[in-house]
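Please keep the model open as you read.

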Amino acid sequence: MDLIRVKICGLRTVGDVQAVAEAGAAYMGLVFFAKSPRNLTLEQGRELALAAPVGLAKVALVVNPDDPTLDSIVEAMPLDMIQLHGAETPERVAQVRARYGLPVMKAMGVASEDDLAGLMEMSLAADQLLIDAKPAKGELPGGNGLTFDWRLLVGRKWLKPWMLAGGLHAGNVADAVRLTGARQVDLSSGVESAPGVKDHAKIREFMAAVRG
Ligand SMILES: O=C(O)c1ccccc1N[C@@H]1O[C@H](COP(=O)(O)O)[C@@H](O)[C@H]1O
């Protein structure tokens, strides 16, 4: 499984950044969403972004943000990508891209075949897609450790690069990649010892499973 690019999301300490970089991840995710156990203040986000070595892409995760919220995040720290993880429309994705000049990755929740229709349209607007499990009512929009039926993605193609997410961990990532053909994967809770607490041994174990 070489050439699989990994995003590890929800980092909260400089030690997490170092662990993710040393393990060979391509992206690190910083969560700015108050309801998440991985939520960061702007000051915390800036500290982590500045700790990232060259080559580790810094992704800010936000959920239905307004412009002032995004302005404050983008002004506070160096970023390589914005991840929109709410109910943002293709029009809103286009606005965010134009306003900040940063690539935008749009998360799309999948639970059944019906959810696939919007992915092609969104792939026209976004720079990347993040295909995640669709949260049930009352759950956070992501980071729930939930998988979905990966068979729904077999043989599908989109216009832009995409990442597979949702309940991935060292024990299932090989099957997920084999079945879906994903070349990029994203995870959060699968490398934690408790919500919001990254486990560096699990990060290394996950990367070893990806490297096959
Ligand atoms: O991680 C969070 O707390 C979070 C909150 C709100 C929206 C998205 C969030 N995380 C994203 O969801 C994927 C999948 O998470 P998991 O591996 O199933 O725990 C994660 O990688 C983030 O991109």
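The shell around the ligand has seven nonpolar, eleven polar and four charged residues, where Gly is counted among the polar ones. This is a predicted model, in which local features need pLDDT of at least 70, side-chain atom pairs count only at pLDDT 80 or more, and totals for chains, interfaces and linings use all residues. Residues are numbered from 1 along each chain as its sequence is written, and side-chain values use heavy atoms, leaving out hydrogens and water.

Among the 22 residues around the ligand (a heavy atom within 4 Å), those that come nearest are Ser36, Arg38, Gly167, Asp186 and Ser189.

| Residue | Distance to a ligand oxygen atom |
|---|---|
| Asp186 | 2.7 Å |
| Gln83 | 3.0 Å |
| Asp132 | 3.4 Å |

The protein buries 100% of the 510 Å² that the ligand exposes when taken alone (Shrake-Rupley areas, 1.4 Å probe).

UniProt, in an unreviewed entry, lists residues 6-207 as "domain: N-(5'phosphoribosyl) anthranilate isomerase (PRAI)". Over residues 6-207, the end C-alpha atoms are 8 Å apart.

How values were computed: A polar contact is a pair of N or O atoms within 3.5 Å; within protein, one must be able to donate a hydrogen and the other to accept it, and residues adjacent in sequence count only if both atoms are side-chain atoms. UniProt positions are given in the numbering used here, feature names are shortened, and annotations may be inferred rather than shown by experiment. Helices (H or I, at least four residues) and strands (E, at least two) are DSSP runs, numbered from the N terminus.
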